[in-house]
Amino acid sequence: MKNYDIIFFDIDDTLFDFSKSEKQAFKKVLEKYNLLNSLRLFKKSYQEINKVLWGELENGKLSLVELGSERFKRLFLEHELEIDAVLFNQDYLGFLGEQSHLVQGAEKVINALSHKRLAIITNGFTNVQTSRINNSPIGGKFEHIIISELTGFQKPQTEIFDYAFHKLQITDKSNVLMVGDSLTSDIQGGINYGIDTCWFNPKHKENTTSFKPTYEINKLEGLIEIVK
């Protein structure tokens with residue numbers, strides 16, 4: 001194992017349970033619009049639409065702002081509803097920002113590595129991600145929180161890593177580790193930038209991509225042994 005001094009963390013489905021957060025926020029926004037009876041139907045459609053759009057975002061085919069309203073615009077079109085997608089998205093993001101559910105072991109790992117330089121690189125909306133982090137038990141534990149909406153770039157683009165290295169004044173890539181759950185965002189981004197990567201894979205998914213992480217862990221606690 002190498003001695004990593006600087007560790008970049010992804011947020012969603014790495015430190016935070018995004019599935020739980022999304023579920024709670026989606027339920028609350030549907031309740032506000034008196035659509036709670038259609039939760040299961042809308043949830044399935046939304047997840048399918050959202051997955052496609054986030055893939056397009058990673059490939060640079062649309063911006064984060066476009067993604068926000070477009071997902072609900074497509075959802076309402078599919079279900080023949082006349083609802084303002086922009087306002088609905090704003091309400092949804094407001095509820096999402098209230099959700100700070102940590103992945104099992106996240107607080108333990110962050111506390112155990114408090115002697116390291118810890119930072120976050122996340123794709124997402126600035127207000128939402130900042131709120132979720134600050135309202136969680138690990139708020140205040142990171143040297144910098146780098147969010148794609150703020151930088152104008154998203155993982156796996158090298159520019160967001162350029163931004164992170166500049167903010168932390170890093171000159172040596174060899175002692176930096178990127179930790180995340182997404183092979184096409186976190187791992188690809190780290191590999192393309194020339195830094196070591198750790199794939200958090202709690203569901204034991206098969207890696208069918210060409211991206212080979214330096215390490216793979218199924219529990220966050222496994223990271224402690226890697227970096228110590």
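**Exercise 1. Work out how the axes of helix H1 (residues 18-32) and H2 are arranged, and which residues meet between them.**

Step 1. The axes of H1 and H2 come within 11 Å and cross at roughly 125°, where axes are lines fitted to C-alpha atoms, for helices over the stretch in contact, and angles run from 0 to 180 degrees between N-to-C directions. Helices here are DSSP runs (H or I, at least four residues), numbered from the N terminus. This is a predicted model, in which local features need pLDDT of at least 70 and side-chain atom pairs count only at pLDDT 80 or more, while totals for chains, interfaces and linings use all residues. Residues are numbered from 1 along each chain as its sequence is written, and side-chain values use heavy atoms, with hydrogens and water left out.

Step 2. Glu22, Lys23, Phe26, Lys27 and Leu30 of H1 meet Leu39, Phe42, Lys43, Tyr46, Gln47 and Asn50 of H2, contact being heavy atoms within 4.5 Å.

**Exercise 2. Describe the aromatic pair formed by Tyr46 and Phe72.**

Step 1. The whole structure holds 14 aromatic pairs, with rings of Phe, Tyr and Trp (its six-membered ring) pairing if their centres lie within 6.5 Å, and planes under 30 degrees apart counting as stacked, over 60 as edge-to-face and the rest as tilted.

Step 2. Tyr46 and Phe72 are stacked, at 5.2 Å centre to centre and 15° between the planes, and the pair links distant parts of the chain, since Tyr46 lies in helix H2 (residues 39-58) and Phe72 in helix H3 (residues 64-78), 26 residues apart.

**Exercise 3. Describe the aromatic pair formed by Phe165 and Tyr193.**

Step 1. Phe165 and Tyr193 are edge-to-face, 5.0 Å centre to centre with 65° between the planes.

Step 2. Because Phe165 lies in helix H8 (residues 158-168) and Tyr193 in helix H9 (residues 183-193), the pair ties together parts that are 28 residues apart in sequence.

Step 3. Phe165 is buried, with a relative accessible area of 7%, and Tyr193 counts as buried at 10% relative accessibility.

Key
Helices (H or I, at least four residues) and strands (E, at least two) are DSSP runs, numbered from the N terminus. Buried means under 20% relative accessible area, exposed over 50%, partly exposed in between (1.4 Å probe, protein chains only).
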